Amino acid sequence: MAQAMKPMGASIPRTEDERFLTGRGTFVANMLPRGTVFAKFVRSPYAHARILGIETSRARELPGVLGVFTAADLKGEIGSVFTAWLIPGSNLKTPPYIPLAKDVVRYAGEAVAVVVAEDPLVAEDARDLVDVQYDPLPVVVNQETAMKEGAPQLHAEAPKNVAFHWVNAGVGDVEAAFKGADVVVSQRFVNQRLQPSAMEPRAALAQYEPGTKELTLFVTSQNPHVHRLVLSLILGVPEQRLRVIAPDVGGGFGSKIPVYPWEAVVCWLAMRLDRPVKWVEDRTENFLATIHGRDQVQYVDLAANKDGTILGIRIKVIANMGAYLSTAGPGIPTILFGFMPGGCYAIKAGKVEVTGVFTNTTPVDAYRGAGRPEAAFIIERMVDILARNLKLDPADIRRKNFIPADKFPYQTALGLVYDSGNYEGAMRKALDIVGYEKLRVEQAQARKEGRLMGIGLSTYVEVCGLAPSPIATATGFQGGLWGSSTVRIHPTGKVTLYTGAHPHGQGEETTFAQIASTELGIPVADIDVVHGDTKVTPMGMGTYGSRSTPVEGGSVALSARKIRDKARKIAAHLLEVSEDDLEFSDGKFTVKGVPGKAKTIQEIAWAAYMATSLPKGMEPVLDATTFYDPANFVFPFGTHVCVVDVDKETGHVSIRRYVAVDDVGNQINPMIVEGQVHGGVLQGLAQAMMEQAVYDENGNLLTSNFLEYLVPSSLEAPMIETASTVTPSPHNPIGVKGVGETGTIASSEAYVNAVVDALAPHGPVHIDMPLTSEKVWRAIHGKAG
Amino acid sequence: MMAGEAAGRMAKGDRMARHRIALSVNGKRYERDVEARVLLVDFIRDDLRLTGTNVGCDTSHCGACTVMLDGHAIKSCTMFAVQADGTEITTIEGLAAHGRLHPLQESFRENHGLQCGYCTPGIVLAASELLHVNKSPTDDEIRTAISGNLCRCTGYVNIVKSVSAAADRMAGRR
């Protein structure tokens, strides 16, 4: 394509779109190799029960059934799935999570048997013929109840169901901060459990090649190399003979990070039966057995001076981990949460204490934002509560406490070093766009007239770009967290770019080509991005934690620069000048002052391939790989403003305006950045407005399909106005930060702040999410729920 | 758990009856024998191997399985294949005529109306019915028309923009 403008910073349409728009996406469920057979899992209807016996004979006798397998068949064949985040100093308990339950089931949806048949419908018939006898046990679903004396116990090794206890004591003296304070405000928050609800349910298809002894797994994964490593360990298949391919994946939002036990079972079945074995979840299975997110009960104290200066924050969290620890489970309410509740404020001291608790519920792991929405919600709500207490304007109190733009890098009281920021700049822009002063005037008038309108601010900062390895491993993560890429220039000058990221909606097939194109002057259309296949891409850590662009994309820039440096040497050699005599632009090395004397990058690629005449000692071809371990995280920030009107009679909330000003550093493709913000904002609003996973007291998930678990449709979704400021990350090779989670991290509290503000001054200081019309109506009318 | 009688019948190996159906999909005529219980979406995906039509739920809520049937956008997970006997169906694979993208497809690409792409075929087909009956829909009309199709990625903002831009394009307004 024509390079009218620098590819970096251009809103070019996505390369990946055409295949989805024409129905040619390669989702796992679309694959059907010859001879495929179909697996279905028998799942427990009880949340806690002893398994007395499993009668499989009727299922086995059904024509077309190849086998029915239980824990007894897997003994010694497949190891337990383990958590990969072993939080140090937390007395972490890691009870085994075996692929098919043996003696006891601990949540409704836990698998107890698997059937395989020639036809998917026959597999379903056979699944329903497996007769499991259960002896129900007492159930506990709430984390605070689970810690009480006499509560049902899930695991013998975890007394009072405590999975871990973790403290971040921060770097300041928090008790002194509270002693010296004029005012302390306290609040309990319930950050409710959510169901990630990627539109594509999970799927796995395994194939074994007896000749080469290679096992190939197609799986809905955000991190195929992590899947390969973990599955290799628990299956005993050598890592080099296990090929994991995550093709097109229909959304993840964290739920496709974990390695699920049943993916291992599908692999084992393929080897055992010597047939391709395919398993596709239905939606109810997805809601029962794919991880859930959030689910924290938070007790928060904030200390301040009368003038609104915040002095300290003290937080106790009880986090529901579900029945077992999922892959990254323990890291979410600790490492990804517990360093961020100070937000963008110059708070001198803080302390965060987190207790993880087992309950008879689906395991909890990363859901979009993963710990950081829970942290941002706390501080942004507490600042509003403090402002109300001191009768200060929410914007003024924020401005007073912001970390000043000239204080970066900034060491926070909770122990991180924020890379760069200009919080006041982003807030100023958002307030200008929304017309804040005018809205406050209008609100004063509305209050006089008895109308309810509210303005909610969220001035968030988040930590993302998950890396650096030394920090990740010091916090107990069982893996390096770096980025990887190979940039391979073919003899014709066309490029294949291999990445360790796993795009599944974020658009890196386009943006990574833009990065390489910017560095090399090769058109975007000549650069194909390859991802998701462990046999061809360098070891890579995948896509989550808004890490792809800063970490994996940083690696792409570094690989491309290695190639550019090598190409410069070759150009100098071919043109018989010194490297210093060359200038590089638009993919061409030109001898300074001699416009006709030049070599294009394509000409150099050919010369590097022919290797007829290369500088002495230089290896042929242009091909570079980089494993990039960043110096620090990146810290995107911004201000979101939500303006609502509340119907007094019904409690119905209408969003009048939603303005998002985000600073994600340099932008590669602003159109994609905006799209990420839109989607992120709606997921955060969904938590604030309507979503909630609900269990009854017996541990039945009442929200087990889209009829009960309400994700927003186009009718509930507001128009979202976006804008940005640009404060590059100083340590990132291309000055970028992450954008995948910002919207979700910012928006829930903007909405709740707006609704609580609408109900003020007489309404409650807080309403727990989701703010259904009923809850809002009760808050208006002073009727307890 | 299924009722004892049905389970017993299955255990004996009785298979559901098969029926001959004839229908047109993307302009091509098919005649097939299908089990009575096979859903239209599974017939389209597994028998015809047209996998652009996706499955996102089993309760008609998500709309990933939307196809055009006799000119109407319907959810193919909520219909048996035998009920589609004698109908004309268009799936996402049939929308681009003669290798040229439909204006909706062009417009979704230009306006970043998709991310992971899983809901996209259904949304595009739901929108195509709208644009057939309403040449210049308002944003609210677009939102209503696609409200049976869930998208978890885009926040719908760019979907609405894409449909609106496609309407303009089809009406020659730009």
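Select A:Leu205 first: its bridge partner in β12(A) is A:Lys278. Strands here are DSSP runs of E with at least two residues, helices are runs of H or I with at least four residues, and both are numbered from the N terminus. The model is predicted, so local features need pLDDT of at least 70 and side-chain atom pairs count only at pLDDT 80 or more, while totals for chains, interfaces and linings use all residues. Residues are numbered from 1 along each chain as its sequence is written, and chains are lettered from A and ligands numbered from 1 in the order in which they are written.

Two strands pair if DSSP finds at least two bridges between them.

Now show the whole sheet. It is open and has seven strands of chain A in the order β3-β5-β1-β12-β9-β10-β11, with mixed pairing. At its edges stand β3 (65–70) and β11 (242–245) of chain A, each with a single partner strand, so one side of each has no neighbour in the sheet. On average, neighbouring strands of this sheet are turned by 20 degrees against each other, direction ignored.

Axes are lines fitted to C-alpha atoms, for helices over the stretch in contact (C-beta atoms, placed from the backbone, within 7 Å). Angles run from 0 to 180 degrees between N-to-C directions.

Move to α8 (261–273) of chain A. This helix of 13 residues reaches 18 Å from its first C-alpha to its last, close to the 18 Å expected at 1.5 Å a residue, the expected span being 1.5 Å times one less than the number of residues. Of the 13 residues of α8(A), 10 are buried, so the helix is largely enclosed by the rest of the structure. A residue is buried if 20 or more other C-beta atoms, placed from the backbone, lie within 10 Å of its own. Among the buried residues are A:Trp262, A:Glu263 and A:Trp268. Just after α8(A), select A:Asp274, which takes a positive phi of about 55 degrees.

Zoom out to chain A, with its 20 helices and 28 strands. Of its 785 residues, 61% count as buried.

Finally, display both chains: the contact takes 49 residues from chain A and 48 residues from chain B. On the side of chain A that touches chain B, α18(A) gives the most, with seven residues.

Note on methods: Contact = placed C-beta atoms within 7 Å. Buried ≥ 20, exposed ≤ 12 C-beta atoms within 10 Å, placed from the backbone.
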